[in-house]
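Please keep the sequence and the structure in view while reading the points below.

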Amino acid sequence: MKDNNSYNVLIVGNKGREYALAQRLQQDERVNALYFCLGNGGTQDLGENLECEHYEHIVELALKKQIHLAIISEEELLALGLTEMLEKAGILVFGASKEAAKLETSKSYMKGFVKECGIKSASYFETSDLKEALNYLQNASFPLVIKALNKNTSIVHHQEEALKILEDAFKHSNESVIIEPFLEGFELSVTALIANDDFILLPFCQNYKRLLEGDHGG
């Protein structure tokens with residue numbers, strides 16, 4: 001680092017959001033150097049892309065590059081506890097804890113959490129057994145939303161479509177799936193930056209997942 005007011009920053013991830021973060025950080029005079037693990041073709045023009053063999057290697061690289069601040073946007077790495085590992089090494093981290101990351105990476109955990117806390121959410125059926133899921137479909141009203149725990153979410157309009165999704169989900173994983181009624185309306189994302197007992201709300205936004213008018217795209 002140049003001095004006490006100049007920082008080396010590590011951004012963990014390799015997508016467009018990491019590039020956008022880096023562009024903004026590059027404008028901050030307090031940032032001395034930007035590093036990326038793994039980074040992408042765009043980030044290599046803004047700093048140095050580092051080769052990371054596994055997530056534990058990130059801590060070694062951070063210490064070697066004298067990183068002051070690490071920004072983690074990869075949900076899977078947050079769920080593995082990378083935040084705690086870097087903090088244990090004395091590095092400041094912008095990223096959720098392992099426990100908090102489960103709200104994003106585990107649909108089962110999230111549904112249980114909101115139910116326990118009295119937060120309104122769609123009713124749901126959870127099972128890790130294909131036969132149980134098929135029995136549930138017999139009396140269910142379509143359309144339905146099927147959420148596999150690998151974050152794949154599908155809107156199905158009839159039993160044949162649901163059967164294909166469920167068979168594929170259980171073929172690739174022994175973990176449970178969640179089936180919910182389809183709620184028609186606009187989806188709104190509310191993001192908050194949290195530190196200890198304080199928080200800051202960011203502007204509301206919408207994520208349009210389908211192309212074309214009437215949701216006819218892929």
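An automatic or database assignment divides the chain into domain 1, covering residues 7-98, and domain 2, covering residues 122-217, and the C-alpha centres of domain 1 and domain 2 lie 30 Å apart. The model is a predicted one, and the values that follow are computed from it. The chain contains eight helices and 11 strands, and its C-alpha trace spans about 65 × 40 × 35 Å along the principal axes.

**The chain as a whole**

- Of the 218 residues in the chain, 32% are buried.
- Among the contacts in the chain with a separation of 6 or more, 51% are between residues 24 or more positions apart.

**The five-stranded sheet**

- Five strands make up an open sheet with parallel pairing, and their order across the sheet is β3-β2-β1-β4-β5; β3 and β5 (92-94) are the edge strands, each of them pairing on one side only.
- Strand β1 (residues 7-13) pairs with β2 in the parallel sense over seven bridges, and within this part of the sheet Ile 11 is found opposite Phe 36 of β2.
- Strand β4 (residues 69-72) runs parallel to β5 and is joined to β5 by three bridges, with Ala 70 standing opposite Val 93 in β5.
- Because six of the eight residues of β2 are buried, this strand is largely enclosed by the rest of the structure.

**The cysteines and the disulfide**

- The count of disulfides comes to one, and the cysteines concerned are Cys 37 and Cys 52, whose sulfur atoms are placed 1.4 Å apart in this model.
- The pair links distant parts of the chain, since Cys 37 belongs to strand β2 (residues 31-38) while Cys 52 lies in the loop between β3 (48-49) and α2 (55-64), 15 residues apart.
- Both Cys 37 and Cys 52 are buried, whereas Cys 117, at 45% relative accessibility, counts as partly exposed, and Cys 205, at 39%, likewise counts as partly exposed.

**Thr 83 and its surroundings**

- Thr 83 has its place in helix α4 (residues 82-88), and with a relative accessible area of 2% it falls under the 20% limit and is therefore buried.
- Leaving aside residues up to four places away in sequence, Thr 83 touches Ile 72, Leu 78, Val 93, Gly 95, Ala 96 and Ser 97; one of these, Val 93, is the residue of β5 that stands opposite Ala 70.

- The buried residues of α8 are Ala 162, Leu 166, Ala 169 and Phe 170, and because they cover an arc of only 90° around the axis, they lie on the same side of α8.
- The other side of α8 carries the exposed residues Glu 160, Lys 164, Lys 171 and His 172.
- The elements that cover the buried residues of α8 include β6 (125-127), α7 (130-138), β7 (144-148), β8 (153-156) and β9 (177-181).

**The hairpin of β10 and β11**

- Strands β10 (residues 192-195) and β11 (residues 198-201) run antiparallel and are joined by four bridges, and in this pairing the bridge partner of Ile 194 is Phe 199 in β11.
- The two strands form a hairpin with two residues between them, and Asn 196 in the turn has a positive phi of about 55°.
- With 78% relative accessibility, Asn 196 counts as exposed.

**Backbone features to inspect**

- Gln 66 also has a positive phi of about 55°, although it is not a glycine; this residue lies in the loop between α2 and β4, and at 52% relative accessibility it counts as exposed.
- The peptide bond from Cys 37 to Leu 38 is cis, with omega near 5°, and Leu 38 has its place in strand β2.
- A cis peptide bond, with omega near 5°, also leads from Phe 142 to Pro 143, and Pro 143 is in the loop between α7 and β7.

Methods: Residues are numbered from 1 along each chain as its sequence is written. This is a predicted model: local features need pLDDT of at least 70, side-chain atom pairs count only at pLDDT 80 or more; totals for chains, interfaces and linings use all residues. Side-chain values use heavy atoms; hydrogens and water are left out. Two strands pair if DSSP finds at least two bridges between them. Buried means under 20% relative accessible area, exposed over 50%, partly exposed in between (1.4 Å probe, protein chains only). The arc is that of the directions from the helix axis to the C-beta atoms. Contact means heavy atoms within 4.5 Å. Domain bounds come from an automatic or database domain assignment. A disulfide is a pair of cysteine sulfur atoms within 2.5 Å.
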